[in-house]
Amino acid sequence: MQPQPGGPAFEFLFAGLPESVEYYVEAGVVRSPHFNLKAVDLPAVKRIKVTYRFPSWTRLANVVEEQGGDLRAVEGTEALLEIETDKPLTDGMIVLDTQKEIPLKVSGNTATGTVKIEKDGLYHIGMIDNDQRVRISEDFFIEARKENAPTIRISKPGRDYKASPIEEVAVSIDADDDYGLQEVSLHYSVNGGPEKAIPVLKQPGAKQSSGQTLIALEDFKLVPGDVVALYATARDARATTRTDMFFIEAQPFEREYSQSQAGGGG
C-alpha cells in the first residue's frame with residue numbers, strides 16, 4: 001500500500017485478477033468488513049472492419065478496411081464499424097469522447113454501428129454488465145479531414161505580358177483538387193468589354209488538370225495601348241477558386257522589334 005498525499009489514505013492496485021477476490025483491510029487490532037471483487041469474463045474485441053461511406057459530393061466509392069480501428073476520412077463521411085468479438089456482446093455500444101453512446105446491433109459474435117465523422121476525437125467499444133458501463137477496447141482516434149478548395153495558377157505567361165497586336169499568346173493553366181475538378185476555365189475581356197470564358201478541363205472529375213489555349217490578339221483588332229485582362233477559375237463540387245488578374249498589353253510593332261534586337265534575336 002502507498003499513502004496518498006493530503007491525508008492518511010492508502011491505495012493498493014489489484015492488477016490482472018484471474019478470478020474473484022475477497023479482501024479486507026487491517027491496521028493493528030482494527031479490521032474492516034470483508035469486500036469482494038468479482039472477476040467477470042467480458043467479451044474481447046478480435047477485429048474491427050470499417051466501411052467508409054463518403055459524402056455524395058466527393059463522388060468516391062465506398063472503401064473497406066478489413067483491419068480497422070482508427071477512423072480517418074473527410075468531414076461528413078459515415079464509418080460503418082463491424083466489430084467481431086470472441087463471444088456475443090450484450091448491450092454493446094460505441095462510446096465517443098463527447099460521452100455520446102451509439103448502440104450496436106448484435107448478430108452472434110458480430111456487432112455493427114455507424115460513426116459520422118464530424119470532428120477530431122476518440123472512441124472506444126463498451127457494454128453494460130450488471131447495470132454498469134464497462135469498456136472492452138482501447139481508445140481509437142477519429143480524424144476529420146478538411147475539404148480544401150481547388151488550387152489553380154496561370155503558369156504561362158504567368159505575369160503581365162506585352163505583345164504585338166497580331167501575336168497569338170499561349171496561356172497555360174494548372175489546377176488540382178483532392179476530390180475531383182468539375183470545371184476549369186480561362187476568363188478574359190478586351191479593354192473592359194464583355195467577359196468571355198474558355199473551358200480548358202479535359203476530363204471532369206480529374207484531380208489534376210493542365211490545359212492550354214491561344215488568345216489570338218489579331219482577332220480583336222487591337223491597336224497599341226489596348227489591354228486584354230484575364231484570369232482563371234477552378235471549381236469542384238463545393239467551392240470555386242480564381243487566380244489574380246493578369247494583363248496583356250498591345251505594343252507598337254517598332255517597340256517589339258527593338259526589344260527583340262536588344263535581347264540578341266535576329
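This is a predicted model: local features need pLDDT of at least 70, side-chain atom pairs count only at pLDDT 80 or more; totals for chains, interfaces and linings use all residues.

Residues are numbered from 1 along each chain as its sequence is written, and side-chain values use heavy atoms, with hydrogens and water left out.

**Exercise 1.** State how many salt bridges the structure holds.

Solution. Begin with the criterion, a side-chain nitrogen of Lys or Arg within 4 Å of a carboxyl oxygen of Asp or Glu. The structure holds 13 such salt bridges. Among the linked residues are Lys46, Arg47, Glu66 and Glu84, which belong to a network of salt bridges.

**Exercise 2.** Find the salt-bridge partner of Arg135 and classify the exposure of Arg135.

Solution. First, the partner is Asp139, and the closest N and O atoms are 3.2 Å apart. Next, apply the exposure classes: buried is under 20% relative accessible area, exposed is over 50%, and partly exposed lies in between (1.4 Å probe, protein chains only). Arg135, at 43% relative accessibility, is therefore partly exposed, and Asp139, at 38%, is partly exposed as well.

**Exercise 3.** Locate Glu183 and Arg235 in the chain, given that their side chains meet in a salt bridge.

Solution. The N to O distance of this salt bridge is 3.9 Å. The pair links distant parts of the chain, with Glu183 in strand 21 (residues 183-190) and Arg235 in strand 24 (residues 227-235), 52 residues apart. Strands here are DSSP runs (E, at least two residues), numbered from the N terminus. Finally, Glu183 is partly exposed at 35%, and Arg235 is partly exposed at 33%.

Technical notes
Helices (H or I, at least four residues) and strands (E, at least two) are DSSP runs, numbered from the N terminus.
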